[in-house]
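Please consider the following points when reading the structure shown here.

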Amino acid sequence: MDQVSVSGEFTITKAEYWTNKIYFYDKNWNKQDNCEYTYQGYQSKFGPRVEVNTGNGYYYVPTDARVSYEYKKYDDDDSAYKSISLNELNSLKPGTYCIRGVVSENNHYLSLTTKSLKFTVLKAEPTPPSIVKYTWEYGEQPKLDPKSMLDNCQYSYKYSYKDDETGEYIKVNKEYPDVGKYYLDIYNLGSDIYEAGFSSSVIINITQRTTSLSWKLDGTNTLEIPYDGKSHVPTATVTNTVGDDKCKVTVSGEQTDVGTYTATATGLSDSNYKLPAQKTVMFKIVKAQREAPTSVTATGTTYKGGTDGKLNNVDSSMEYRKDGENEWRSITGDTVEGLSTGKYYVRYKDSNNYYASSEKEVYVANGQEIKVNVPASQVGYTLSVSNTVVDYNESSTLTFALNKGYSKTEDFAVKVNGETVQLDNNNRYKIKNIQKDTNITVEGVADITAPDTEIKVSNKTWKSILNKITFGLFFKETQKAEITATDEGSGVNKYYYYVDKSGSEESLTEKQLQAVDWKEGTSVTFSEDSNYVIYAKVTDKAGNIKYVSTDGIVIDTIAPQVSGVENNQTYTKTQTFTYSN
């Protein structure tokens, strides 16, 4: 047969694997279609494994193909498979999963995905934790060794103690047991990775909790308060109490006056707590500001320019000064006396507990003017003063003058406020340091001089009582006796006359004159032929009496008779004649 050579193109395609397997080994190296292992307890030597049949009856994976794995939650149909390495299987959290293998495409075979294989990751058994210390303060929790703690695990603690009488173990249902010795059980509450469990009991000791103190003084953090006359001490608050504990702090060191003091925390109301090493605090009571005194009043001087003004309702805690002065003066009583008029300032003094207060302004008013009074009615004298109105402690000079017609009696005195003063040679006296109304009086000035009296008859005048009557005045017609008087003192009061026709040549005495029948009048006319003596009595307003008399006066109205000669005849010889009257 002839050989025929045929040429042409043809294609060889990649084949599919005939069959495939995925499995795990158990500890006896038997192939299993499922697997269980605990969290972080996976060992890759137990699978999974993938084998394929290339058609020659052997199961293996070609060397030029790569196997990878995918997984997903077993009961989650909606989720997609995710790639996972064998090492990552050790980190899967407990749960049930599906895993499958993926054989990569090579030069001869197409890619292959195996069927799913179920496997379960179980929760791991917890390892017991260890505590770092066996004694701690009240309010603390056990401190676990971080190296002994499992991830994502929660721990709880149970305390108990043994009753000494019954021997029974009593559980303590408190998160933070009181101070004492206890048996401690540590419980692992488990997690999504670990099973729950607990450790063996250990003996622990809970000691008192050292308090942290916060100090305040009257609700403020300044620890400084102004003086108010009340007792104060800071209060301390425990700032690190546990839960709803109420732990009150007893503090000593209460103070009232200004100063720097130490307050000491001396006790606590809860025996689970103890005071810290630093249990004192410094606090201050500082000087307080003070309002001006309100009760102060002023009393003015009695007299103008006086120094008897007063400040009232004051006390020894105050001081004062007069306007214009710089120096403050202390007050010792409830009044300040001896003040002159003016504006005054009163304040509380700077003291141990107070700053000097603001000032209260008061005014000591000027009193009334001081009067120097002279007698309103000055009889027989003139008294004047240089100043009728003076200020306090000023002076005034009085001048005395005796009026005409008046005299100083033996009782004469010039008195100032009832005290006799001595006039100088100029009849003056200086009244010094006048401090009140002053009254000047004069005593012993009187009109003791009788009126200057005169009787006039014709051209004859008489001014006194004659000792001897001569009857040497002759008148042949009616005569008029006129009485005049002057008195420089109290003044003429009344005029009287008396006509004596007794013819006696002896003047009447004063005693006799007091008894005669006087007629009031300033003149008297007499015309009968007779012998007359005219008496005058003149009184002044002071009661002085002046007596004056005329000489004897003869009224003879019958002409003398001459016989033996004739009227109007001239005789040359001696004639004898007779005269009769």
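1. Asp78 is exposed, with a relative accessible area of 77%; buried means under 20%, exposed over 50% and partly exposed in between, with a 1.4 Å probe and protein chains only. The residue sits in the loop that links strand E6 (67–73) and strand E7 (82–84). Strands are DSSP runs of at least two residues, numbered from the N terminus.

2. The model is predicted: local features need pLDDT of at least 70, side-chain atom pairs count only at pLDDT 80 or more, and totals for chains, interfaces and linings use all residues. Residues are numbered from 1 along each chain as its sequence is written, and side-chain values use heavy atoms, with hydrogens and water left out.

3. Asp78 also belongs to a negative surface patch, together with Asp75, Asp76 and Asp77. Such a patch takes residues with over 30% relative accessible area and no salt bridge, like charges being joined within 9 Å.

4. Asn313 has a positive phi, near 60°, though it is not glycine. Its place is the loop between strand E26 (309–312) and strand E27 (318–322), and at 44% relative accessibility it is partly exposed.

5. Ser458, likewise not a glycine, has a positive phi of about 60°. This residue lies in the loop between strand E40 (452–457) and strand E41 (460–462) and is partly exposed at 39% relative accessible area.

6. The protein chain has a mean pLDDT of 89, with 96% of its residues at 70 or more; pLDDT is the predictor's confidence in each residue, from 0 to 100. Where pLDDT is low, the predicted coordinates should not be read in detail.

Key:
Patch = residues over 30% accessible without salt bridge, like charges linked within 9 Å, V, L, I, M, F, W, Y side chains within 5 Å. Areas by Shrake-Rupley, 256 points an atom, 1.4 Å probe, with all protein chains shown as cover. Salt bridge = Lys/Arg side-chain N within 4 Å of Asp/Glu carboxyl O. Lys, Arg positive; Asp, Glu negative; His and termini not counted. Charge placed at Lys NZ, Arg CZ, Asp CG, Glu CD. Helix = DSSP H or I, 4+ residues; strand = E, 2+ residues; numbered from the N terminus.
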